[in-house]
Amino acid sequence: MKIDVKELQDAVNSIQITDRMQAEMVQNVKAAVKEHSENVSAEGKKYKISKRGLIRRFHPARAAAVIAAVIAVSGFLSIPVRAIVNSLIQERMEKEPAEEMEKIVEDMEGQRVSADSFSREFTEEERRRIKELAEQYQAGTFPAGELFMAQSVEEAENCGFCFLVTNAVFYLPERVLTDEELLEIIDFYVKREYAVRQRSEEMSAEESAIQKEQQIEEAVQTGGVTEEEAIAIAADYLEKIFGITGEGLEHNHYYEEEVVINGESGLYHVNWTNFLSRKYYYFYISPDDGSLVEVIYNADESFPDRGPAPGEAETRIPEMKQKAVSFIEEVLAFSYEDIYYVYYRTDDSLCSYIDFMFVQDDKTYVLEYTWDGIFRRVSKGTFTTYEQEYERIKENAAVIEACQGGSASGERKDAEVTLFMEKAE
């Protein structure tokens, strides 16, 4: 039976993964491992996958639109794969045998599908309890046992509660799941993401460190900024945009060579995370000049899956435009010549987000809001012509699919989607 996996993933994302990552992570690991399987070491245990073969595939900022249930009008929901793990979970993961972690990734390679499914839907009670247990898990409440890994349909059916590895199916009993069983599901998700992240980091650490030092040194020598300066820049924007200092939030930062945002690559990535409220603040800073390349705010419960009725667009746009203008002028101090607004609609509703493009010559900042005025993203990029940009945005198949609702719920697959890109007066 098909099930909306979002209920489970929404609970687990407060730990270290998000509902937007899980299906993509499975698919990309399988593709990367398969592509590079000829590089398996003589022992047959460690895959020598290059950074370009694994980490680039994992970067949700560039690829998560394939499976996102909520997608920006002209951008993707972006969640870094290096999600923070608190000390209790980190300690638990580090105690796991290396062979078990390797087996997790190898099992993913052999799966026949790219996303998880369940034998039945969760009950309302189970949905409520798994969210509560996710918070308890983060505080150190772990399962006594482990989710059983079945290798065949027959074995899975006889077991009753397990995970069928080959088909990526959770087999659930018809009775209500116990706390132990729900904790085992949560623990399984956490271990899987941790195993993938650990594998990619191990295989790229040495080479990445050398390249990082060289690139940062070159940038600083030509007038760029250090990682410490990038952190200070991001902290300043955190306060300007969100009105918070980051105090009490988990924080991490690193230089990421593989990420490419609108043509810019090799960026500092600075993050603040509030796990309990499930709010994530992601900043990309250019090492060349310290400029803000992209900011992404994610708080799943704050973002609607769909917008209001189509007739409300014209009445909301003026107020939304003024909000965007204030942001560009006061926060970014960006001079612009033209403003375009971009959104999608179906016959009965607007899609979730509206974008405002602020253009100066061939440069642009794209600012994204929900129709309720909640900030989602701002991204620096380039602008060609109206006609070319219109065609580029119109061909964004992932956004169209999300607007139709096909990737999340399986409904509305035939809904006609219309793109609006107009110059604001």
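Predicted model: local features only at pLDDT ≥ 70, side-chain atom pairs only at ≥ 80, totals over all residues.
Trainee: Why is Arg 175 called partly exposed?

Mentor: Its relative accessibility is 42%. Buried means under 20% and exposed means over 50%. The value for Arg 175 lies in between, and therefore the residue counts as partly exposed.

Trainee: Where in the chain is Arg 175 placed?

Mentor: Arg 175 is in the loop between strand S4 (169-171) and helix H9 (179-221). Leaving aside residues up to four places away in sequence, Arg 175 touches Arg 120, Glu 126 and Glu 181. The C-alpha atoms of Arg 175 and Thr 123 are separated by 9.7 Å, and these two residues are 52 residues apart along the chain.

Trainee: What makes the pair of Arg 175 and Glu 181 a polar contact?

Mentor: The two side chains come to 2.6 Å. A polar contact requires a pair of N or O atoms within 3.5 Å, one able to donate a hydrogen and the other to accept it. The value of 2.6 Å is within that limit, so the term applies to Arg 175 and Glu 181.

Trainee: Let us turn to the strands. How is the sheet that contains S4 arranged?

Mentor: It is an open sheet of 4 strands in the order S1-S4-S3-S2, and its pairing is mixed. Strand S1 (117-118) and strand S2 (149-150) are the edge strands, since each pairs on one side only.

Trainee: How do you know that strand S3 (residues 162-164) and S4 are paired?

Mentor: They are joined in the antiparallel sense over 3 bridges. Pairing requires at least two bridges, so S3 and S4 meet the condition. Within this pair, Leu 164 stands opposite Val 169 in S4.

Trainee: What is the order of the sheet with 9 strands?

Mentor: The order of this open sheet is S5-S6-S7-S8-S12-S11-S10-S9-S13, and the pairing is antiparallel. On average, neighbouring strands are turned by 20° against each other, direction ignored.

Trainee: Why are strand S5 (250-261) and strand S13 (418-423) called edge strands?

Mentor: Each of S5 and S13 pairs on one side only.

Trainee: What joins S5 to S6, and what joins S6 to S7?

Mentor: S5 and S6 pair in the antiparallel sense over 9 bridges, and Asn 271 in S6 is the bridge partner of Asn 252. They form a hairpin with 2 residues between them, and Asn 262 in the turn has a positive phi of about 50°. S6 and S7 pair in the antiparallel sense over 7 bridges, with His 269 opposite Tyr 284 in S7. This hairpin has 4 residues between its strands, and Arg 278 in the turn has a positive phi of about 55°.

Trainee: What makes S6 a mostly covered strand?

Mentor: Of its 11 residues, 8 are buried. Each of those buried residues has under 20% relative accessible area. S9 is mostly covered as well, with 6 of its 8 residues buried.

Trainee: Which strands pair with S9?

Mentor: S9 pairs with S10 in the antiparallel sense over 7 bridges, and 6 bridges join S9 to S13, again antiparallel. Arg 345 stands opposite Leu 350 in S10 and opposite Thr 418 in S13. S9 and S10 also form a hairpin with 4 residues between them.

Trainee: How many bridges join S10 and S11?

Mentor: Strand S10 (residues 350-360) and strand S11 (residues 363-370) pair in the antiparallel sense over 8 bridges. Thr 364 in S11 is the bridge partner of Val 359.

Trainee: Which two values describe the packing of helix H10 (residues 227-242) on helix H11 (residues 313-332)?

Mentor: Their angle is about 145°, and their axes are 11 Å apart. H10 passes H11 in a right-handed crossing. Tyr 237, Lys 240 and Ile 241 of H10 meet Phe 327, Val 331 and Leu 332 of H11.

Trainee: What makes that contact 5 nonpolar, no polar and 1 charged by class?

Mentor: Tyr, Ile, Phe, Val and Leu count as nonpolar, whereas Lys counts as charged. The residues in the contact are Tyr 237, Lys 240, Ile 241, Phe 327, Val 331 and Leu 332, and therefore the classes come to 5 nonpolar, no polar and 1 charged.

Conventions
Residues numbered from 1 in each chain as written. Heavy atoms only, no water. Axes fitted to C-alpha atoms, helices over the stretch in contact; angles between N-to-C directions. Left-handed = near helix turned anticlockwise from the far one by under 90°. Contact = heavy atoms within 4.5 Å. Buried < 20%, exposed > 50% of the residue type's maximum accessible area, 1.4 Å probe, protein only.
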